[in-house]
Amino acid sequence: MSEFITGPSEQGLYRLAAGTLLVAFRGTAVPEWVLRELDSGLGGVTLFGFNVADPDQLSALTARLRTAGEPVVSLDEEGGDVTRLAYHVGSPYPGNAALGAVDDVELTRSVYRSIGDDLARCGVNLDMAPDADVNTADDNPVIGTRSFGSEAALVARHTVAAVHGLQSAGVAACVKHFPGHGATRQDSHLEVPLVDACMDLLHERELVPFRAAIEAGTMSVMTAHVRVPALTGDLPATLSPAALTTLLRGELGYDGVVISDALDMKAITDAYGLAGGAVLSLAAGTDLLCLGPIPTEDDVHAIIAGIVAAVRDGRLPVSRLEEAAERVSRLRAWFGEPRQVTDGENVIGLTAARRAVTLTGSAAPLVDPLVIEIDTPPTIAVGDVPWGFTPWLSQAEIVRVKPEAADVPGLVERAANRSLVVVVKDAHRYELSQAVVSALLAARPDATVVEMGLPIWRPDAAAYLATYGAARANAQAAAELLGV
């Protein structure tokens, strides 16, 4: 316990400050320092792919966490490209873009109910999903297939279905990224993105899914590290009282838990630091502060000390911490309500992926196929999750190439007298990938192109498949459509 705890009043303040944090740690076992801090009031943890080996291990990890209380145990399980449960193999569920393309809200509810059941069986009680961003920027580097689509009404109805699905399994939904990350062209992991929209446009577009989710009873909402000059001025929304208190709490009437996006993202740390950002976010109206994998035990202690100091010098009212604690307490009480978790083999993910995949043109039967997968760098939000056709095209030769190093003449020669399948992911964002595909199609116009991101750039191929995501389920569905 920290050295500045000298008595009950200090201890109570420490517990209030610690109770606002969701910390992360490396490895598949809980460090002792996390257990000690949970015993001293820590709010909970956020888990990542490196914390998960398999369901049994994760269940044991969350059970160990609960020996020190009733923590919030959260992770990002969006399905599709962003997965923590299946980080090492790829998700068995298609992501939001695929579900939005199908546009069957009952299917979306069923997929998220199944995700919720998976999480509940492993002891996770809060899912930092669904993504409610209206993705209106084609070249958005961080949202893309994580969004249900580019139309506010469509995103709203599927966000509601996702919230209902998760919460029917007893897992709290966390609708993100308020007030909207879909119109950005920068990644908030690296800088502060800009949403250049007036308040009328925000109400007509970005805020529609959040309003619907609030009416649907979402248990939590996540902030965005985006700057909306018409709303937040020069501040990112995570630190903006106008966004979190005036708009979200006041105008939209939300009284659930507000969770920050990861405070160790450069959009916050570069300008405000960890402790400084924590204090400003709490003052703006956040209840739980999410910390990513960068902060250490010492950093966590420094953040708590910074929050305590801000209370002592009047920058942060203690009533703000008490209000946050009361909301988190209500969330924990909701966790404890009895619910039924379903068992059995899940097939809804593949069913959804099959319904999402589309084929333009005619795909001829594969003959000794050569599959060329054009490598796409992973985003920080997704991480290095496997994608592509291994193991679904077992009879094919699969080659992964970097676009800047692709030997197109050699690949064309290698594909002679064979079926050629070219696989890309978000090709519209990478000119080099487009150039490689175009060169291959110039030599082999009979080739099949498979787009495993958003199907925005569509080359003239004999057959064009769009999967709306690169999850394991998407790849299997596409392989089936190719005749495997």
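Student: At 17% relative accessibility, does phenylalanine 335 count as buried or exposed?

Tutor: In general, a residue is called buried under 20% relative accessible area, exposed over 50%, and partly exposed in between, using a 1.4 Å probe and protein chains only. Phenylalanine 335, at 17% relative accessibility, therefore counts as buried. Keep in mind that this is a predicted model, in which local features need pLDDT of at least 70 and side-chain atom pairs count only at pLDDT 80 or more, while totals for chains, interfaces and linings use all residues. Residues are numbered from 1 along each chain as its sequence is written, and side-chain values use heavy atoms, with hydrogens and water left out.

Student: What share of the 484 residues in the protein chain do buried residues make up?

Tutor: Buried residues make up 61% of the 484 residues. The chain holds 18 helices and 14 strands, where helices (H or I, at least four residues) and strands (E, at least two) are DSSP runs numbered from the N terminus. Its radius of gyration is 23 Å, close to the 23 Å that the globule rule gives for 484 residues, so the chain is as compact as a globular protein of that length; the radius is taken over C-alpha atoms, and the rule is 2.2 Å times the number of residues to the power 0.38.

Student: In what order do the eight strands of the open sheet lie?

Tutor: Strands of a sheet pair through backbone hydrogen bonds, either parallel or antiparallel. Here two strands are taken to pair if DSSP finds at least two bridges between them. The eight strands form an open sheet in the order 7-6-5-4-3-2-1-8, with parallel pairing. Strand 7 (257-259) and strand 8 (289-290) stand at the edges with a single partner strand each, so one side of each has no neighbour in the sheet. Three bridges join strand 6 (residues 220-223) to strand 7, and within this pairing valine 221 stands opposite valine 258, while serine 220 has valine 257 as its bridge partner. Strand 5 is likewise joined to strand 6 by three bridges, the two running parallel.

Student: Which way do the residues of strand 6 point?

Tutor: Ser220 and Met222 point one way, Val221 and Thr223 the other way, and all are buried. Threonine 223 is also the bridge partner of phenylalanine 178. Helix 8 (residues 207-215) lies across strand 5 and strand 6, running at about 160° to strand 5; such angles run from 0 to 180 degrees between N-to-C directions, along lines fitted to C-alpha atoms, for helices over the stretch in contact.

Student: How many aromatic pairs does the structure hold?

Tutor: A pair of aromatic rings is described by the distance of the centres and the angle of the planes. Rings of Phe, Tyr and Trp (its six-membered ring) pair if their centres lie within 6.5 Å, with planes under 30 degrees apart counted as stacked, over 60 as edge-to-face and the rest as tilted. The structure holds three such pairs. In one of them, the rings of phenylalanine 178 and phenylalanine 210 have centres 5.3 Å apart and planes at 90°, so the pair is edge-to-face. This pair links distant parts of the chain, with phenylalanine 178 in strand 5 and phenylalanine 210 in helix 8, 32 residues apart, and both are buried. The rings of tryptophan 334 and phenylalanine 335 have centres 6.1 Å apart and planes at 65°, so this pair is edge-to-face. Tryptophan 334, at 13% relative accessibility, counts as buried.

Key:
Contact means heavy atoms within 4.5 Å.
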